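I opened the model today to look up a few things and write them down in order.

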Amino acid sequence: MKLSALAAAPCNPDPDIKGLTPDSRAVKAGFLFAALPGEAADGSAFIPQAEKAGAAAVLARRGAKTSLPLIVDEEPRQRLAQMAARFYPRQPQVIAGITGTNGKTSTAVFAAALWSMLGLNAGSLGTLGALSETYRRKLHHTTPEPVTLHETLDQMAGAGVTHLGMEVSSHALAQFRADGVRFSAAAFTNITQDHLDYHADLAGYFDAKKRLFLDLLPVSGSAVVNMDGEGSEEVAKIARERGLKLITTGAGGETLRLAALKPQPGGLDLVVEADRRRYDVKLPLIGAFQAENALLAAGIVIASGHLAADVLPLLQRLPGVPGRMQHAAEVGGAGIYVDYAHTPDAVETALAAIRPHASGRVIAIIGAGGDRDRKKRPLMGAAAARGADHVIVTDDNPRNEDPSGIRREVLAGCPGAEEIGDRAEAIAIGVAMLRKGDVLLIAGKGHETGQIVGNETLPFDDVDVARQAAKEIGT
């Protein structure tokens, strides 16, 4: 592709561009190197390295020095995303962007499952990777950097994927990673405290989320909003002011109204009202919040052109999502569940959701990640103390921090909790405590298969560890 076509601007000289990357180490002959400003270093410092590797052009802010053709942009991250969308032009026909603090992964997976049940080649893209029946790719971020993102979208379209539920993180929105994605719908789950190690405050975090509805969703698109989530009224207001088609879900919704919910041992009995009709739905998922995610996913599918009468009956066939209130094992009439809850609100929500399914005690195992938002640690401890009968505080990806220091900060919110630093030991002790009717919730890591200690990722899977502990108890 000519540089002028890639940049959508006249260029002289106008070399052929064979690839693009923001990583100087990945530059190959004929590539455009995007010299992006970073927190630790400015990408313009690596322009000489890119030149030596055979770069054909550079994208950078004003003032960058290079002998190569230079595209100047004061917001090079956004320009790179736009270029990536031109370089990798194919995308699934229907893309629903899903943002919010909690529930993005479940909503994306549920939407893909519903589309698939309707006979479409559908997929999801986010924390679990890029997944469909015809495509699979592991991703390192919920929403990857724009070159990887647009390459993935192009490959998914090439693999026949026509409908996609895509998680859009606050980091991605703040860094323009999702610019250039042709969204036909945008969905909002909720807003609660998270990522304040990156965003200045909760308002800044919410502002990043709103970009999906303000800047990236075209006026022809649909906004799908969970009206039971914090921040929903503000997002719905944005949709109305922009003249977007608005679909609202949940107990406070109008399009898909959750009229009743009753927990059962193996799931939830729902009554949903839509188009002046009543639908009785048996949702095979644990936790009342699952109803919010399922209805939001149904709203996304309806926004893509399907009737509520065709979509809602399919909810009873929804699969569980790895690491999202996932049933790991059963021991002596007690259930063991693994969930990705790693924020105060998510911990509180998960415990409140699991309580109706326990006739005995609720035991919670929690931790907090190192090198991340420290403010939420005591809040997570307090949420666990409120929602569980017994709390075990353990390690959860301590990274480069002192694990005992992290545990102390969590314990400040639940001073009566039991402290067991070794996560495998904590899970084993939690399982051993179980009696008939109890429920154990192992929170924090969810689907993850590694424990990050220092700069090393050690193999660790909560589900596998819990199953092994249950097996040993059983024998």
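I began with the largest cavity and found that H4 gives the most to its lining, with three residues. The elements that give two or more residues to this lining are H4 and strand E6 (122-126). Helices (H or I, at least four residues) and strands (E, at least two) are DSSP runs numbered from the N terminus. I work with a predicted model, where local features need pLDDT of at least 70, side-chain atom pairs count only at pLDDT 80 or more, and totals for chains, interfaces and linings use all residues. Residues are numbered from 1 along each chain as its sequence is written, and side-chain values use heavy atoms, with hydrogens and water left out.

How much space lies in the largest cavity? I read off about 30 Å³. A cavity is a set of points, on a 1 Å grid over the protein atoms alone, where a 1.4 Å probe fits but cannot get out; lining residues have an atom within 4 Å of a point. Grid points are joined across faces, edges and corners, and the volume is the space filled by probe spheres set on the points. Among the lining residues I noted Thr105, Ala108, Val109 and Glu167.

Next I looked up the nonpolar cores. A nonpolar core is a set of buried Ala, Val, Leu, Ile, Met, Phe, Trp, Tyr and Cys residues joined through side-chain atoms within 4.5 Å. Buried means under 20% relative accessible area, exposed over 50%, and partly exposed in between (1.4 Å probe, protein chains only). The largest core has 43 residues, and Leu114, Leu283, Leu312 and Leu315 have the most contacts inside it. Its largest share, ten residues, comes from H9. A second, separate core of 33 residues includes Phe188 and Val225.

I then checked Leu283. Not counting residues up to four places away in sequence, Leu283 touches Leu315 and Leu318, among others; contact means heavy atoms within 4.5 Å.

Is Asn102 buried or exposed? Asn102 counts as buried because its relative accessibility is 15%. I found Asn102 in the loop between E5 and H4. Leaving aside neighbours within four places in sequence, its contacts include Thr189, Thr343 and Asp345.

Last, I traced a sheet. Six strands form an open sheet in the order E16-E17-E21-E18-E19-E20, with mixed pairing. Two strands pair if DSSP finds at least two bridges between them. E16 and strand E17 (residues 334-339) pair in the antiparallel sense over five bridges, and Ala329 stands opposite Ile336 in E17.

Terms used
On a 1 Å grid over the protein atoms alone, a cavity is a set of points where a 1.4 Å probe fits but cannot get out, and a pocket is an open set with protein on both sides within 12 Å along at least five of seven lines; lining residues have an atom within 4 Å of a point.
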